Amino acid sequence: MSESSFTISDDWNALYIDGEWVEPGDRDELGVENPATRERVTTVPAGTEDDVDRAYDAAVAAQSAWADRPADERAEVIERAGELLDDHRDDILEALAVESGSANTKAFAEWQTARGMVDHAVGFADDLTTETSDSMIPGKTNEVQRIPKGVVTVISPWNFPFNLSMRAVAPALAAGNAVVLKPASPTPVTGGLLLARIFEEAGLPDGVLNVVTGRGSDIGDAIAGHPDADVMAFTGSTEVGKRVASKAAENLALPAMELGGNNPFVVTEDADLDAAVDSAVFGSFLHQGQICISINRHLVHESLYDEYVERLAERAEALPVGDPRDRENVVGPVIDESQRDQMLAYVEETVEAGATLETGGGHEDLYVEPTVLSDATNDMAAACNEHFGPIAPVIPFSDEEEAVELANDTEYGLAAAVHSGDLDRARDIADRIEAGMVHVNDQPINEEPHVPFGGLKDSGIGRYDGREIFEEVTTTKWVSVQEETREYPF
Ligand code: NAP
């Protein structure tokens, strides 16, 4: 391993356990491909169950000394990590372009959110406070201490790898926990090893952060079901999340689950059509629609429907598609063949079921054309599934009751947006949509480090960001002191 480098072109072929960069040795290796060019970016070790055990051993051994460090020392390490994000911003943007197919707008938004999250986490370092409270028992004093949970496991997906790892890792570390992090296999650097490098350089003690690369299908159960995990911070699909949560629950590790979505975008009859279409284009096609909070379904009042479809299709067709390293390009490649084939199959099935393909539907290698489908209904494949692609099924509705009914007709409840010329009407619809996050006169792709983020229904359990993430990675300890002899009834 080369020393202190942050660029994607460096050698990343190692695990990071107990402060050591562990080379693959006789382990299998996993290739990482640039989806834009199909060139090999790097290889990383396929971590084993023994590696998982070693990572937890290191975390357990390092945690209490880290928690005992004065708050300002923990804060300093997190602050220094933030400065490294600034110093190496361009390296991080490049790595996100090459490893996850992120166009510049998305890569920058990802860096910026992660940067904000690190800043937000600094404040958690001195939030491990003790509060006193009165007692019902004469002569007793109660103290409630806020303490770290212990070992936080983080499993993250490939679509926003840097931010989705950082938004769990930074608060967990700031609050005195140790971390075992498993990044997704397509993005082991931006979702894992790069964070290890940043915190190593920032002065985090050995063992406090450990990164094990490897396939979820091989080591996922060992990580999720490890008896030393106290919190299971998982971001990914609902299907895998349910399995991970049940494994974690076997050991009573708290499942903090950020899962899939099927996010409706409602446009009422009095909406500003220009503004609604601007939001729709961004919310559907940013990062090729591969965001848990992307617009999955467009629900549009029948009076605006034809014009909306026409304008959306025109705008979709005009989007520059190509290698994200060319800053002109807005739409990059999707992550791999299996994702591509799945989303194209949804489009095909939707057209077979009677929808009209207004534009798109094709692909060149991993570049899927921005696609607009009209005459769609809620039960068609591109609408009722989380398509996770640059695909916009547009569904008409005739009144607000129907809009809300359609919006809620999904097992998910992550994010939504409503466009309307009447804010009271929009607020009313927002209140009736079953989602953890609803945005008025905007689109659903929003994340702000100080505001709680998460879903209802099958979209997850718990919240990231805000004060909520601090509460998930910490707990309380009640210490009472009986200062006068207590009188018992028997
Ligand atoms: P995924 O297939 O569920 O994988 C997520 C992570 O879980 C990866 O690191 C994966 O590793 C790992 N994994 C796979 N099988 C596992 C197992 N049996 N035990 C433990 N871990 C296992 O999701 P994805 O395809 O990477 O990401 C897309 C999904 O994430 C979408 O559904 C999206 O909505 C969701 N997501 C949700 C949010 C949110 O905040 N709610 C944010 C972003 C994405 P491998 O890569 O090695 O398989």
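I began with a side-chain pair: Thr43 and Asn13 make a polar contact of 3.2 Å. I note that the model is predicted.

**Thr43**

I looked for further partners of this side chain. Thr43 also has a polar contact with the side chain of Glu29, at 3.4 Å. I then placed the residue: Thr43 belongs to strand β4, residues 40-45. Next I listed its contacts, setting aside neighbours within four places in sequence. Trp12, Asn13, Glu29, Leu30 and Gly31 came up.

**The β5-β6-β24 sheet**

I turned to a sheet of three strands. The sheet is open, its order is β5-β6-β24, and the pairing is antiparallel. Neighbouring strands here are turned by 25° against each other on average, with direction ignored.

I followed one pairing in detail. Strand β6, residues 140-148, pairs with β24 in the antiparallel sense over nine bridges. I found Pro148 opposite Thr474 of β24.

**The largest pocket**

I moved on to the pockets. The largest has a volume of about 1,300 Å³. I counted 46 residues in its lining. Nearest its centre lie Trp158, Gly236, Ser237, Val240 and Gln339. Which elements give two or more residues to this lining? I noted α7 (216-224), β10 (231-235), α8 (238-250) and α11 (337-352). I also sorted the lining of the largest pocket by class: 17 residues are nonpolar, 16 polar and 13 charged.

Terms used:
Residues are numbered from 1 along each chain as its sequence is written. This is a predicted model: local features need pLDDT of at least 70, side-chain atom pairs count only at pLDDT 80 or more; totals for chains, interfaces and linings use all residues. Side-chain values use heavy atoms; hydrogens and water are left out. Helices (H or I, at least four residues) and strands (E, at least two) are DSSP runs, numbered from the N terminus. A polar contact is a pair of N or O atoms within 3.5 Å; within protein, one must be able to donate a hydrogen and the other to accept it, and residues adjacent in sequence count only if both atoms are side-chain atoms. Contact means heavy atoms within 4.5 Å. Two strands pair if DSSP finds at least two bridges between them. Axes are lines fitted to C-alpha atoms, for helices over the stretch in contact, and angles run from 0 to 180 degrees between N-to-C directions. On a 1 Å grid over the protein atoms alone, a cavity is a set of points where a 1.4 Å probe fits but cannot get out, and a pocket is an open set with protein on both sides within 12 Å along at least five of seven lines; lining residues have an atom within 4 Å of a point. Grid points are joined across faces, edges and corners, and a volume is the space filled by probe spheres set on the points. Ala, Val, Leu, Ile, Met, Phe, Trp, Tyr, Cys and Pro count as nonpolar, Asp, Glu, Lys and Arg as charged, and the others, Gly among them, as polar.
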